[in-house]
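Welcome! Here is a friendly first tour, meant to be read with the structure open beside it.

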Amino acid sequence: MIDEYAGLIKEEDRLGLELGLSEIIINAIEHGNLEISFDEKVETLKDGMDALERLRGSRRGNPDLGRRKVMIESFVGGGSIFWTITDEGGGFDFEKLLDPNETCNLETPCGRGIFLARMQFDSLEFSKSGCRVRLGKRFAG
Ligand SMILES: Nc1ncnc2c1ncn2[C@@H]1O[C@H](COP(=O)(O)OP(=O)(O)O)[C@@H](O)[C@H]1O
Ligand SMILES: [Mg+2]
């Protein structure tokens with residue numbers, strides 16, 4: 001996904017972009033397609049990462065949720081590279097996103113993905129429903 005644009009991306013930006021993209025793709029799977037809510041995730045993580053992995057597995061076993069797909073597209077335009085990540089979930093109200101500094105502590109890996117992705121890209125926009133995220137990164141030249 002990033003390799004395709006190797007000539008346009010500075011070597012030092014690469015890791016950050018990969019990290020940001022993977023956070024958004026994981027969200028599309030976990031929260032979007034598998035419909036695991038923020039509260040469910042926080043509650044489940046109290047029993048550790050294994051418990052979250054079991055919850056993901058059981059959702060995947062649901063015939064409706066299990067066959068959902070994430071679509072990833074990319075294109076170049078107006079001096080930026082854009083990636084769009086679209087899931088088949090119910091979307092969410094991204095305007096109500098909580099500040100990770102308030103909701104999370106160092107031990108709980110929750111509520112930081114979008115915050116992190118925003119830091120790596122020049123733009124991060126949700127579609128109206130929240131099922132699609134568009135990430136943009138400007139390139140020089
Ligand atoms: N694709 C999505 N579909 C539905 N809800 C989402 C999606 N992406 C993010 N969210 C919501 O935004 C919250 C914050 O996401 P994020 O910052 O990645 O933290 P985390 O995934 O650890 O909860 C999620 O808990 C979820 O409620
Ligand atoms: Mg996340």
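What follows is a short briefing, arranged by topic. Please keep in mind that this is a predicted model. Its largest nonpolar core has 19 residues, and 17 residues surround ligand 1.

**The nonpolar core**

- Within the largest nonpolar core, the residues with the most contacts are Ile9, Leu21, Ile24, Trp83, Ile85, Leu124 and Leu135.
- Several elements each supply at least two residues of this core: the helices α1 (11–33) and α6 (113–120), together with the strands β2 (80–86), β3 (123–126) and β4 (132–138).
- The biggest share comes from α1, which gives five residues.
- As general background, nonpolar side chains in soluble globular proteins tend to be buried together.

**Around ligand 1**

- Of the residues that surround ligand 1, the closest are Asn27, His31, Lys41, Asp87 and Gly111.
- Histidine 31 has a side-chain N or O atom 2.6 Å from an oxygen atom of ligand 1.
- The side chain of lysine 41 likewise places an N or O atom 3.0 Å from an oxygen atom of the ligand.
- With isoleucine 114, it is a backbone N or O atom that lies 3.0 Å from an oxygen atom of ligand 1.
- Taken alone, ligand 1 exposes 530 Å², and the protein buries 90% of that.

**Aromatic residues**

- There are six aromatic pairs in the structure.
- One of them joins phenylalanine 92 and phenylalanine 94: their ring centres are 6.4 Å apart and their planes stand at 75 degrees, so this pair is edge-to-face.
- Are these two residues buried, exposed or partly exposed? Phenylalanine 92 is partly exposed, at 32% relative accessible area, and phenylalanine 94 is partly exposed too, at 23%.
- Elsewhere, Tyr5, Trp83 and Phe121 form one aromatic cluster; Trp83 is also among the residues with the most contacts in the largest nonpolar core.

**Helix α3 and what lies around it**

- Helix α3 covers residues 49–60, and glycine 57 is found there.
- Arginine 56 has its place in helix α3 as well.
- Arginine 56 counts as buried because its relative accessibility is 15%, and the cut-off for buried is under 20%.
- Glycine 57, in contrast, is partly exposed, with a relative accessible area of 34%.
- Apart from neighbours within four places in sequence, arginine 56 is in contact with Glu30, Leu34, Ile36 and Met49.
- From arginine 56 to histidine 31, the C-alpha atoms are 9.8 Å apart, while the two residues are 25 residues apart in sequence.
- Glycine 57 and leucine 34 are 23 residues apart along the chain, and 9.4 Å separates their C-alpha atoms.

**A backbone detail at glutamate 35**

- Where is glutamate 35 found? Glutamate 35 sits in the loop between α1 and α2 (38–45).
- In general, most residues other than glycine have a negative phi.
- Glutamate 35 has a positive phi of about 50 degrees, although it is not a glycine.
- With 38% relative accessibility, glutamate 35 counts as partly exposed.

Methods
Residues are numbered from 1 along each chain as its sequence is written. Chains are lettered from A and ligands numbered from 1 in the order in which they are written. This is a predicted model: local features need pLDDT of at least 70, side-chain atom pairs count only at pLDDT 80 or more; totals for chains, interfaces and linings use all residues. Side-chain values use heavy atoms; hydrogens and water are left out. A nonpolar core is a set of buried Ala, Val, Leu, Ile, Met, Phe, Trp, Tyr and Cys residues joined through side-chain atoms within 4.5 Å. Buried means under 20% relative accessible area, exposed over 50%, partly exposed in between (1.4 Å probe, protein chains only). Helices (H or I, at least four residues) and strands (E, at least two) are DSSP runs, numbered from the N terminus. A residue is near a molecule or strand if one of its heavy atoms lies within 4 Å of it. A polar contact is a pair of N or O atoms within 3.5 Å; within protein, one must be able to donate a hydrogen and the other to accept it, and residues adjacent in sequence count only if both atoms are side-chain atoms. Accessible areas come from the Shrake-Rupley method with a 1.4 Å probe; for residues, only the protein chains shown count as cover. Rings of Phe, Tyr and Trp (its six-membered ring) pair if their centres lie within 6.5 Å; planes under 30 degrees apart count as stacked, over 60 as edge-to-face and the rest as tilted. Contact means heavy atoms within 4.5 Å.
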